[in-house]
Structure formats: structure tokens, C-alpha cells
Amino acid sequence: MRNAVILLLMAIAAPLGFGAQSFLDPSQNTWTIGNGWISAVFQLSPDGYFLTQQISDLQSGDQWTTSPNRPTSPVRLQAGTDVFDAQRPFLLLDQYIQTVNPSGVRQYIVLQDLYSAAQITVILEVYDNQPVLRYSLLYRNLTASPVYVSWINMLPWTFDDAGQGYTAFRVNQWSVDPNAEDFEPLETTLDPSGAPVEVDSGADGQQCGWLALRDENMRGVFAGWEFDGRVKTTVRQLSSSGYVQFSSTVLDLNHPVPLSGEFQTPYAFLGLFHGDWDEAGYRTQRFSEAVLAKPAPDAKTFPYVAWDSWAYGEQVEEQTLMDNADVAASLGVELFIVDLGWARAIGDWYEDLTKFPHGLAALSYHVHSLGMKFGLHFALTEADPASPVLQANPDWTSTESDGYFGAVSLCLSNQPTRDWLIQEGIRIIDQYNVDWILQDGQNMVKQCTKTTHTHDPNDSNYSNAVDGLNAVVSAIQAARPNVYWENCEDGGSMMTFNMVKSYVTSITNDASGSLASRRAVYGATYPFSPRYADRYMPDSDGLDSYATGSYMFGGNWALMNSLADLTPDQVAFLGQQIGVYKSQRADVAAGKVYHILPPADNGTDVIQSYDPATDNAIAVVTRADSDGASYVFYPLGLVPVQRYAVSFANDPSIYLQTGAQLMQGGVPVQLPTPYSSEVVHIQHQ
Ligand SMILES: [Zn+2]
């Protein structure tokens, strides 16, 4: 009777929303973990199988139930010849709850394998106001010998297909070779006969580490996995058996686990949405920003306006950079980055004294005295064959080299290499007073099968990601926590939900020009919040409102112009445009992104942000080589009865209208000439 009262109270409270919580019903061995948005139910069945039962969207009423034809378990792992999954019986050894920051609950369910080969701990997390379940498995080797974990499934979800058709949505990464890719969104109808849609993610992969799926009634799920190495993820529908099935595997996993040792799988998350891909993206971004992502240095002044020295290529030198720093500071640039070329060689991370006769610290001092932060390029996974480190340790290279500016690649999961690199990173930061690391290189997770290294030769992908790159970066960050890092590898080709934990921004494409830059932002801002779409504006873009307008929406705006060569008019124009960027960056960074019209050579493109906290919207409308001198922009997401003031960056017109009027009647945007842009501000009144 008391339970009935509690259940009744819960039922009443649910629509109002409640905080993250987890309950065990001991009579059924059933766990219900959730909040006012999501509820996920798991059971240890009477015959010992640990099974997913149902995941519910408490706001929309959508249900994702498991298929009677295909029992499914969050436990999906192979160690040696033992497969732990929905067919493997367990005993409940223990279960307990922790509270986790920010405002979350973590449920541990400790299962003892009936055949005594392993102990598996299922870890489930839910956070207040996030319609997302985050999870991981902890495997403990109970056999009498070391074993290799050779397979895991980070998306162990199979759901009843409810007789519906499904559409999958993915986004490419940046790539030049072998295929040119620039964050294209890919929407694919699932073949009901089971052909999978694939996501090839991680360093040097083809797609961002994220996937969304919805049915014909807009009932949707999205998923991300927190791993920087290569992962193959699939979703498929087998309508004859009545289910949709996800899978996500770390490629070439072969991780040794000693006697009584443990292995924890990378975390992954499954979220619920009801609506379009913008809604899937926004819910992913809210979760990432609240739970996963490295906090921005300052929400009010981030993303930064930056300057990068690549206009001069590797021919950087002291006086030129001093002169550029003076102009940059006068323009309002906040971060001054010295790109590739400052060191004696890649891997020989001391300043080239022929280029910097007073030392790089003198330039850093000058930059700081002008009120800017000092950023430095660091290609940590590469070294020149002639560099002292490789002369002394020729075996520190990985078996595959990526040919980054004549360097060869290092194996970061080899412990002596890793230890050296951590010390070098800390020394560079201290010696040159560095505030910002521009991490660069080519393919940040190396392939290495050397038997002479400290990692297992057959575990390259996992170990070079987790024990290599991640271990090096986290050790340097732990030692120097006030230095912020930017993710780059000749462009955004490690766009993962592990990356966001260590870096405050990521490059999208390299300095590819106006149209390509807008394309990249358009695609990248589905899975990732706008601050993870940072862009480099090359000198070749010229300096007009079309060029600068192409960088108004997104993460850091990095100028690559030779500032010391600009005319006074150009300096004035750029300074004014930087002011515009700064006035709107906080709204863009916090808002929901609406992808209204994608960039095209002969078109007009529109991207909008709406910030529910301020009730302000902002849109950048850009005309490429089209003949449309005006464009009617229909904003999305406004409050219908609310009054808004509409103003523009160029057009002096001002409107005062309700949200309903604006969304139905549209806003005329004047784009009188090809290659022009306009910014529309819609302000809560
Ligand atoms: Zn190695």
C-alpha cells in the first residue's frame, strides 16, 4: 500500500519534471533510472539475464521497447573466448548509487558471471533536465590467466521497430584525402531488409562520432560515443523480425587485462528527442555542454577573436609578429597564435633563434603586454627525423607515419615517448608563457604494431587513443590547468564526444575560404555546439562583408591576414566587424541552432540561433553567386505571442512584431549584390 502511494505521487510529479534518480524494485530485480525527461528500465531476470526493458520519453510519451524477438542487454563484451551479453547468466553481487556532478546520479550494478569468468559492473548515469542515458561497463578478469578484451559494443541497443520506417542522420568530418569531405550532413532512409547505415568515426575517420535516428512520427534517438580512435557504428532495421539495432565497436580492439585486472569501456550516451534533426542536435549539445565539455575560458568572451601567423607560413620572425601583434591588439583580437615554424624543427620544441633573436618569451611578453593571450602551435604526435629526440630514440616512431611537413609520427602509447612528451609540453608552456595550445598534426591517433613498445602490438587503436593522446594531453592539462587547448589535425578530423572533454574548441575545416567555412559550420553544428566550429579566415578571402560575414557564426574566428600590410580603411572595417562578432557571440554560443538553408555556390544560405534563456534570436543570411537581391527569412523557435524588435547589421530598418507575425510573415533581408551578407537580430521586448 505504501508503494502504491509512492508510485501515485511519482505519476503526479512526473509531468512537472523531477531530478535524476534511480530505484531498485528488489522483488523484480528491476532498476528504473531517469528524471522528468527520460526513464530507462533494466532487469536481472529470474533466470539471471541482465536485460534492457524499455526507454521512455516522459515529455512526448514516446516509447522505445525491446523486441520480443531479440532480447537486448547493456552488457556486450567479449574477453578471450567468453562472450558477455543477453545470453549470459549472472548473479547480483551488489548495487549502489552515487551522486555525480553536475546534478546527476550514477547507478552501479555489480554482476557476477555464473561461470565465474568475470565480474561485470554496469554503470548508468542520468543528469537533471537531460533526456540522456550515459553508460559504461567495468569488466574484471576472474579467470586464472590474463585475457584480451577483443570486442565491445558501445551502442548495445535493439528496439522493437513498431512497424515504422526509419531515417538515419550523420555528419561528415573534414578530410582532403582520400575523399574530400567538409561536414556534409547525410540523411539516409533505413533499408527495411537490414542493410546497415555506417558511421566511421574517430581520428582520421569519415564522420563525426554521433548518430541520430527517427521514425515517421518524429520519434527519435541520438547517440554519441566518447572515444577518439577509430570506431565503426551501424544502425539497421530488420522489419521481418520487427526490430532496429545499433552497434558501435572500437576497431581492432585487443586490450590485455591481467589476472584480477579491470577494463572500463569508453562511455557512450543515448538520448531521446521528438522532432527534427535540429532538435536532436540541440539536445545533444545541451547534454555535452552541461556534462561532458571542457568549460569555456569565459562564457562572456568566448569564442575568441584570434589571430594566427599562417599568412607567413613557416617563415615567421620576431619583428613581423611584433608588428602584427600591435595591429591585432588595436583591432580587439584576444588570442595571438604563433603557428607552425616557430621551433627549430618539428619535435625539437625550442624556438628558432634565427627567427626570434630575443627569444620567443620576448614575443609572448609583448603579446601579454598588449592584453592578448599567447597561443602556440604544438604538433605533439610528430617529429622531424633529424630532431634530437629521434636521433637519440630512433625507435620512438609509430609503424605508420602521416607525413606531416616532412616529419615522421611518434607512438604516444609507448611509455618513454609519452613521458618525454608530457615533460616537453609542460616545459613549452612554462618557458614561453603559453595560454593556449593549438594542437595540430595529421591523424592524432597513430597506428603502431611495434613489439618493442610498452603497449600491446595488436592494441594500437585503443592504446594510442586512451594511453597515448588522451594520457599525454590530460597529464599536461593536470599540471597546467589554466592553459586551454584547441583541437586541430589539419582540420576537424577527430570530432568526437571524447574530444570535447579536453578541448574548448575545435577547428572545422582548415583555412578553406568563405563558402567552405559556412558549409563546415552548417554541418558541424548538428552534433556540436557552435563553439566547436572554429574557423580560420585566409588572406585570400579578401576583406569585405561577405568574407567577414562568413565567420560571424561559430567558434573562434581566427584571422590569418597579414595585418601589418592592411590599409587604414581595412583596419577600420575589420575592427568594426570584430565588434559585431563580439556583440553576438554569447547569444550564438548558448542558443539552439536552426539550419534553415545550406550554403551552395549559387544560393543564399541561412543559419539561425535562438537562445531560450534570453529569448533572442540571431541569423546570418549570406548570398553567394545567386541573383536574388532580397530573401524572405522565416525565423524558427520564437514565442508566438511575444513581441520582438528586428534590426539588421546593414539595413537601417527596424520592425516591432510578434513571434507569430515574424514566423508566418517572414523578415525581408536585402542582399543587393552577389557575395554579400546580412545579420538579423531578433530581440525580446
Ligand atoms: Zn608503438
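**A tour from the strands to the zinc site**

Begin by selecting Gln43, which stands opposite Leu51 in S4. The model on display is a predicted one.

Next, show the open sheet of five strands, whose order is S1-S2-S3-S4-S5 with antiparallel pairing. Strand S1 (21-25) and strand S5 (63-65) stand at its edges; each has a single partner strand, so one side of each is left without a neighbour in the sheet. On average, and with direction ignored, neighbouring strands of this sheet are turned by 15 degrees against each other.

Now select Trp157, one of the residues with the most contacts inside the largest nonpolar core, which has 164 residues. Leaving aside neighbours within four places in sequence, the contacts of Trp157 include Phe42, Thr52, Leu133 and Phe246. Another core, of 18 residues, lies apart from the largest one; Val606, Tyr631, Leu662 and Ile682 are among its members.

Finally, move to the zinc ion. Its protein donors are Cys411 (SG), Cys448 (SG), His453 (ND1) and His455 (NE2), at 2.1 to 2.3 Å. The site is tetrahedral, with angles of 102 to 119 degrees among the four donor atoms. For comparison, the ideal angle for four tetrahedral donors is 109.5 degrees. Along the chain, the donors follow the spacing C-x36-C-x4-H-x1-H. Cys411 lies in the loop between strand S32 (408-409) and helix H6 (415-431), and Cys448 lies 37 residues away, in the loop between strand S33 (436-439) and helix H7 (460-479). Cys411 is buried, at 0% relative accessible area, and Cys448 is buried at 0% relative accessibility.

Conventions:
Residues are numbered from 1 along each chain as its sequence is written. This is a predicted model: local features need pLDDT of at least 70, side-chain atom pairs count only at pLDDT 80 or more; totals for chains, interfaces and linings use all residues. Side-chain values use heavy atoms; hydrogens and water are left out. Donors are N, O and S atoms within 2.8 Å of the metal (3.2 Å for Na, K and Ca); water is not among the atoms, so sites may look incomplete. Four donors count as tetrahedral if all angles lie between 85 and 135 degrees; four count as square planar and six as octahedral if opposite donors are over 155 degrees apart and all others between 65 and 115; anything else is irregular. Helices (H or I, at least four residues) and strands (E, at least two) are DSSP runs, numbered from the N terminus. Buried means under 20% relative accessible area, exposed over 50%, partly exposed in between (1.4 Å probe, protein chains only). A nonpolar core is a set of buried Ala, Val, Leu, Ile, Met, Phe, Trp, Tyr and Cys residues joined through side-chain atoms within 4.5 Å. Contact means heavy atoms within 4.5 Å. Two strands pair if DSSP finds at least two bridges between them. Axes are lines fitted to C-alpha atoms, for helices over the stretch in contact, and angles run from 0 to 180 degrees between N-to-C directions.
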